[in-house]
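Please read the report below alongside the sequence and the 3D view.

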Amino acid sequence: MEHLTLVDGNSVMFRAYYATAYPGAVLMQTSQGVYTNAVFAFVNMMDKILEQTNGHILVAFDTAHPTKRHEKYQEYKAGRAAMPEELAQQIPLVKKYLDKAGIKQHEQIGYEADDIIGTLAKEASQNNIKVDVYSSDRDLLQLVDQNITVHLLKKGMKELDHYTPESLYEKYELTHHQMIDLKALMGDPSDNIPGIPGVGEKTAIKLLKEYETIENLYVHQDEIKGKMGEKIRENKELAYLSKDLVTINVESPLPFSYLETEKIKIETSDLIDFFKELELKQLVVRMANQNQNTLFKDEEKSDKKTDKSFSYDLILNDEKLNDIIFNHQEPMSIHFEFSEPNYHKAELWGIGLSNGENTYFIDPSIALNNQTFLNYLKNKEIEKYTFDYKAIKVFLMWHKKAIHTISFDMLLAAYLIKSSIGKEDFTTITSLFSSIDISYEEQIYGKGAKKGLPENKELYYEHIAKKASVIYKLKDDLLETLKDQNQLELLQKVEIPLSEVLASMEFSGLLVDNKELLNQKEVLEKRINVLEESIYKEAGETFNISSPKQLGDILFEKLNLSQGKKTKTGYSTNVEVLEKLKDEHPIIPYIMEYRQLAKLYSTYIIGISQSIFSDNKVHTIFNQALTTTGRLSSIEPNLQNIPIRTEEGRKIRKIFVAEKNHYLLGADYSQIELRVLADIANVKHLKESFLNNEDIHKSTAQKVFHVTDVTSEQRRQAKAVNFGIIYGIGAWSLAEDIHVSPKEAQMFIDRYLEIYPEIKQYMQDTVEFATENGYVKTLMNRRRYIPEINSKVFMQKEFGKRNAMNAPIQGSAADIIKVAMVDLFKYLEENDKKSKIILQVHDELILEVPEEELEEMKELVPAIMKKAVKLTVSLETSCDVGKNWYELK
DNA sequence: GGATCAGCGA
DNA sequence: ACGTCGCTGATCCC
């Protein structure tokens, strides 16, 4: 043995927890609500530490029992805030991890972790063994000697400070022997160690440089003049008591010696299972990779990586495929494995097929050219089960193939059962509903730039086949759960049919006018260049305007403008701050305009250019299983955030055009969220206003301000309150928004809730429902779980309440437009219309309509949207047509 | 590659 | 600390 590592378990765990538990943070949790942030960070730290060890390691913990220090000084560690529950829960998990990792741990009644570490460290050091101590507690610096190095964790846990006798001297100009006296003189508020009142670090160092020790200081106590001398003389007892308290017991009676700290060889799979249980995916993958690297060294062992309990057949030729399909004219699960998430341009890596009993991997190039298989896919009589039906559908559309009659989709089912898991991958979703063991994607394919098919083909053959078998196996359970939750209709009548609508929309795409795009690009480039010059001139130097850091330096240090808000890392330079500085310096308006144009240029002109396919269209992907509320999202490109609010930005819409002889038709719901609120909360006056077709913000203003003639400012404020209410607004932010004092804002809110008392009631009821059930639901029984609502952390609880109030409104509106889309699509299909739905932007639909269907669609689309769902208020829609998106006002 | 800031939409 | 849900780009640091 040549080296020993000692870790202060409590202190590292505290750091691990607080590294991510800043106020307002959402802590890492498993899907079952078990907190894991501290475990995760602790393991990461241990991994770092383990890289530096040669196998001898021990983690020491404090116990909850009083120690000798408490006997000597009752106030020891008094006044310390109680450990947060979220951290306390994780202590057993951290200890369990150490056990699984084969790392020795020790705690001992009557002693602190410090004492255990001190005793072992000194014992080893005396035998000339090198020791590394890890902690965040500066007290341990007293252990430093020629053999012992102390590593202190810094705040973010990313860096360590290393202390040797030399570096200690450099920093404090004291020897390591004096560290105890230093702490004793200074005291330590966190442990409630008194020290000498009025003596801080600076004075203590000064005194020790002169007198070396506390003992010698008191030999010369009369030489010290002034107030300081008085204090020192008066507090002699405190000083000695403090010294006693801070002195680590390096002769604790431990039941083992430093020699018995060797790391035990472990089964990696145990540790992987433990991480899987805690859903710590990163750690699972890391461990698995480490494991694989060791396995690869031994050719014999490499087949251990495949699962012996799972069997499947390989289908690599037409004969076998014909045979299999011929024998399985029955419902099966089908999985298509793609090379990348964007299935429009992805390669097909493999196909899995399973009927529960038999499972197959099919070579994709065989399958896509095999008529028997293709006939099976498009056979409307045979049900199929999938994971992400839309991806398969769109991929097949690109290849001019069809697939029909999907009666179960695992991704959508899981998403409906719990909307927050739609973000997860296949493996995580599987583990949430079963104990089936299936590798993470990264384990099979690697990640980032290195992603690709593994050398060992069996590895991915099995993985893909297994996915198909999982889909089949989980189907009945998931359907059962959906049935229990009254969500079968939502899956089968809304989400699965919607998949087909979305597939068609994505495949249709949206045509781009290249000339218009290039034209706008050039215009913007020129304007941006001119603005850059003006900004550099005003600043007196060139710098990167797009860097908030550099811009902040220019504005607030060089030009000395009055700074507003700060961000975590420096000055805020956002538009609100700039707005306030507008008249302070001529550079500001230039910067604001630069920001606006640079945004349009990079995100929209350049960004969208990069997403154009060879058919001159953009083919977005609507994520159907992502948002927690039930809305869709759109990526590559995001077509749900094309500018509209400023004229400048709105022009971007000119680049999106209808195909030849076609028009774009846009139809949007008017005030759908407020109507939903009026309906579900049964808000009498709101309903009346909608019934009378009033301008809703105007009528709110009339009531809130008690006026008949509403000024535009009053309407604007009422509008802000109407929106704010939907989001569960607070007075402070409403005040910011409508430029009044928080007090006035609170008056508005109070007044608003007087006018619409049912809204107040609804909010109370919803919060109560969420508190009791842990979730809220929409018109169509879509659920959103809100674990935060029972949090003891004020901020998180408030966040939970806002979500509880907002999710049913936003989610019901999402339900409604989804139903409308399914209805509309069905009508168009059944009546052989050429019009196509191509976009959805939360409350509006955009269609591409051939000229001859234009008049019909102008009537039909709004009509279908209106009657999608029957509410106690009517759903109103407006409708516009144009040759490009810009013309849809 | 990930965190941070910024800014676009409903 | 400060209104919901999203996506993308630029910079900066690891």
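## Basis of the model

This is a predicted model, in which local features need pLDDT of at least 70, side-chain atom pairs count only at pLDDT 80 or more, and totals for chains, interfaces and linings use all residues. Residues are numbered from 1 along each chain as its sequence is written, chains are lettered from A and ligands numbered from 1 in the order in which they are written, and side-chain values use heavy atoms, with hydrogens and water left out.

## Surface near DNA strand C

DNA strand C is surrounded by 37 residues, the closest being Asn-544, Ser-547, Gly-724, Ser-733 and Asn-803; a residue is near a strand if one of its heavy atoms lies within 4 Å of it. Of the atoms of DNA strand C within 4 Å of the protein, 75% belong to sugar and phosphate. Helix H36 (794–830) is one of the elements that supply at least two residues, and H36 gives the most, with six. Helices (H or I, at least four residues) and strands (E, at least two) are DSSP runs, numbered from the N terminus.

Asn-544 places a polar side-chain atom 2.6 Å from a phosphate oxygen of DNA strand C. At Glu-636, a polar backbone atom is 2.9 Å from a phosphate oxygen. Asp-737 has a polar side-chain atom 3.4 Å from a base oxygen of DNA strand C.

## A three-stranded sheet

Three strands form an open sheet in the order S14-S13-S17, with antiparallel pairing. Its edge strands, S14 (617–618) and S17 (656–657), each pair on one side only. Two strands pair if DSSP finds at least two bridges between them; S13 (residues 510–512) and S14 have two. Leu-510 stands opposite Val-618 in S14.

## Salt bridges

The whole structure holds 38 salt bridges, each a side-chain nitrogen of Lys or Arg within 4 Å of a carboxyl oxygen of Asp or Glu. In one of them, Lys-276 meets Asp-437 at 2.5 Å, N to O. Lys-276 lies in helix H13 and Asp-437 in the loop between helices H20 and H21, so the pair ties together parts 161 residues apart in sequence.

Arg-782 and Asp-815 form another, at 2.9 Å. Arg-782 is in the loop between strands S19 and S20 and Asp-815 in helix H36, 33 residues apart. Salt bridges with shared partners join Glu-495, Arg-782, Asp-815 and Lys-818 into one network.

How values were computed. A polar contact is a pair of N or O atoms within 3.5 Å; within protein, one must be able to donate a hydrogen and the other to accept it, and residues adjacent in sequence count only if both atoms are side-chain atoms.
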